[in-house]
Amino acid sequence: MFPGAKAVGTLVFATAGVEADLPGLGVIRRGLVDDAYVRSALPARPLNANKGTFGKVLVVGGSSHYVGAPGLAARAAYRMGAGLVTVAAPRAVTSILAAGISEPTWLPCDELNGTIAQGALSPLLEALPQYDALVLGPGLGQGPQMPQLITGLMGKASELDCPVIVDADALNALATVNNWPSFLPQHAVLTPHPGEMSRLTGLSIESIQENRLEIAQEYATQWNTTVLLKGAHTVIASPDRLSVLPYKSSALSTAGTGDVLAGMIGALLGQRLSPHDAAAAAGYLHGLSGVHAAGGSDRSVMAGDLIDALRDVLRQIEAL
């Protein structure tokens with residue numbers, strides 16, 4: 001925990017001789033995520049698979065001010081192993097992104113002031129049954145229509161039992177809705193940074209940062225969902241579990257890295273990992289990709305560098 005964490009140099013973990021299968025260890029519900037956890041969580045890749053085997057992910061986001069965000073999420077989902085990724089965004093955004101990214105399919109949406117219009121809800125609801133996971137929020141922008149758009153999509157996802165990642169401006173829109181936790185699907189992951197967590201809870205950013213583990217756990221339980229509270233030593237909390245990531249790196253302190261993380265989580269949810277395992281594994285790989293992309297210097301890392309580094313990171317994990 002900061003501020004003490006900044007004083008840590010090289011941290012070494014040494015076994016105390018406790019056997020890994022000791023029954024009492026099974027009741028411990030808090031832990032640090034490591035390579036072995038992620039390796040065991042990664043879904044199998046059968047040789048006779050097809051793109052449907054690895055899940056279809058729908059990314060809903062993008063606006064005139066945040067054109068690249070859904071593209072980053074889509075690329076990250078593919079790199080994380082998704083079989084097919086579709087980007088639903090304003091028509092102008094899909095036109096721009098399609099000129100530079102070949103892999104996604106596209107669902108162009110009606111626009112309102114550079115954002116997805118309310119009229120797009122009907123075709124989005126019609127399309128959603130084709131997908132195994134829904135990523136809501138990357139670059140979505142803000143507008144009066146957003147709360148109804150978000151709750152409408154989450155309601156359909158609940159009906160379909162489709163996992164949902166709620167990120168960025170989707171969280172901001174959700175925070176304005178009365179009794180918003182009632183709209184959450186059973187398999188959901190919320191990915192707030194401290195400012196977004198403040199808007200969702202009504203707590204100050206300072207109190208959240210001073211009690212990150214306790215607050216993440218308290219609200220994950222209260223909302224009956226999985227919360228990934230971003231920051232140095234990201235916390236993943238579910239009603240019955242809490243995991244902490246070992247990374248604190250300024251390489252991740254740049255625009256777009258959250259969109260990359262949302263896409264990675266979406267890919268793993270589409271491959272049928274539990275919300276907690278999907279968030280913890282993706283978060284760990286995201287942090288490790290930041291370390292690899294930095295190569296010893298955090299200053300020059302951009303969000304897209306994490307996607308490029310992910311291939312080598314996965315190779316490292318899978319070689320365990």
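Guide: One definition to begin with: helices (H or I, at least four residues) and strands (E, at least two) are DSSP runs, numbered from the N terminus. Proline 3 is in the segment before strand E1 (30-32). Keep in mind that this is a predicted model.

Visitor: Which kind of peptide bond runs from phenylalanine 2 to proline 3, cis or trans?

Guide: The bond from phenylalanine 2 to proline 3 is cis, and its omega is near 10 degrees.

Visitor: Let's move to the helices. At what angle do H11 and H12 pack?

Guide: Helix H11 covers residues 275-294 and helix H12 covers residues 303-318; they pack at about 110 degrees, and their axes are 8 Å apart. An angle of 65 to 115 degrees counts as roughly perpendicular, so H11 and H12 are roughly perpendicular to each other.

Visitor: Which residues meet there?

Guide: On the H11 side they include Tyr284, Leu285, Leu288 and Ala293, and on the H12 side they include Leu306, Leu310, Val313 and Ile317. Sorted by class, the contact of H11 with H12 has ten nonpolar, five polar and one charged residues.

Visitor: And how do H2 and H12 lie, parallel or perpendicular?

Guide: Helix H2 (residues 69-79) packs with H12 at an angle of about 5 degrees, and the axes are 10 Å apart. Angles under 35 degrees count as roughly parallel, so that is the term for H2 and H12. H2 brings Leu72, Arg75, Ala76 and Arg79 to the contact, and the H12 residues include Ile307, Asp308, Leu310, Arg311 and Leu314. By class, this contact of H2 with H12 has six nonpolar, one polar and four charged residues.

Visitor: What about the inside? How many residues does the largest nonpolar core have?

Guide: The largest nonpolar core has 55 residues, and Val38, Met80, Ile265 and Leu285 have the most contacts inside it. H11 gives the most to this core, with nine residues. There is also a second, separate core of 48 residues, and Leu149, Met154, Ala173 and Trp180 are among its members.

Visitor: Now leucine 153. Where is it, and is it buried or exposed?

Guide: Leucine 153 is in helix H5 (residues 146-160). Its relative accessible area is 0%, and buried means under 20%, so leucine 153 is buried. Leaving out neighbours within four places in sequence, leucine 153 is in contact with Val60, Leu121, Leu124, Leu125, Leu128, Leu134 and Leu136.

Visitor: I also noticed a couple of serines. What is serine 243 in contact with?

Guide: Serine 243 is in strand E12 (residues 241-244). Past its neighbours within four places in sequence, serine 243 is in contact with Gly31, Val33, Tyr37, Thr234, Val235, Ile236 and His276. The side chains of serine 243 and histidine 276 are joined by a polar contact of 2.8 Å. Serine 243 counts as buried, at 6% relative accessibility.

Visitor: And serine 198, buried or exposed?

Guide: Serine 198 is buried, with a relative accessible area of 17%.

Visitor: Last one. Which residues does aspartate 161 touch?

Guide: Aspartate 161, in the loop between H5 and E8, touches Gln186 and His187, not counting residues up to four places away in sequence. A polar contact of 3.1 Å joins the side chains of aspartate 161 and histidine 187.

Notes: Residues are numbered from 1 along each chain as its sequence is written. This is a predicted model: local features need pLDDT of at least 70, side-chain atom pairs count only at pLDDT 80 or more; totals for chains, interfaces and linings use all residues. Side-chain values use heavy atoms; hydrogens and water are left out. Axes are lines fitted to C-alpha atoms, for helices over the stretch in contact, and angles run from 0 to 180 degrees between N-to-C directions. Angles under 35 degrees count as roughly parallel, over 145 as roughly antiparallel, 65 to 115 as roughly perpendicular and the rest as oblique. Contact means heavy atoms within 4.5 Å. Ala, Val, Leu, Ile, Met, Phe, Trp, Tyr, Cys and Pro count as nonpolar, Asp, Glu, Lys and Arg as charged, and the others, Gly among them, as polar. A nonpolar core is a set of buried Ala, Val, Leu, Ile, Met, Phe, Trp, Tyr and Cys residues joined through side-chain atoms within 4.5 Å. Buried means under 20% relative accessible area, exposed over 50%, partly exposed in between (1.4 Å probe, protein chains only). A polar contact is a pair of N or O atoms within 3.5 Å; within protein, one must be able to donate a hydrogen and the other to accept it, and residues adjacent in sequence count only if both atoms are side-chain atoms.
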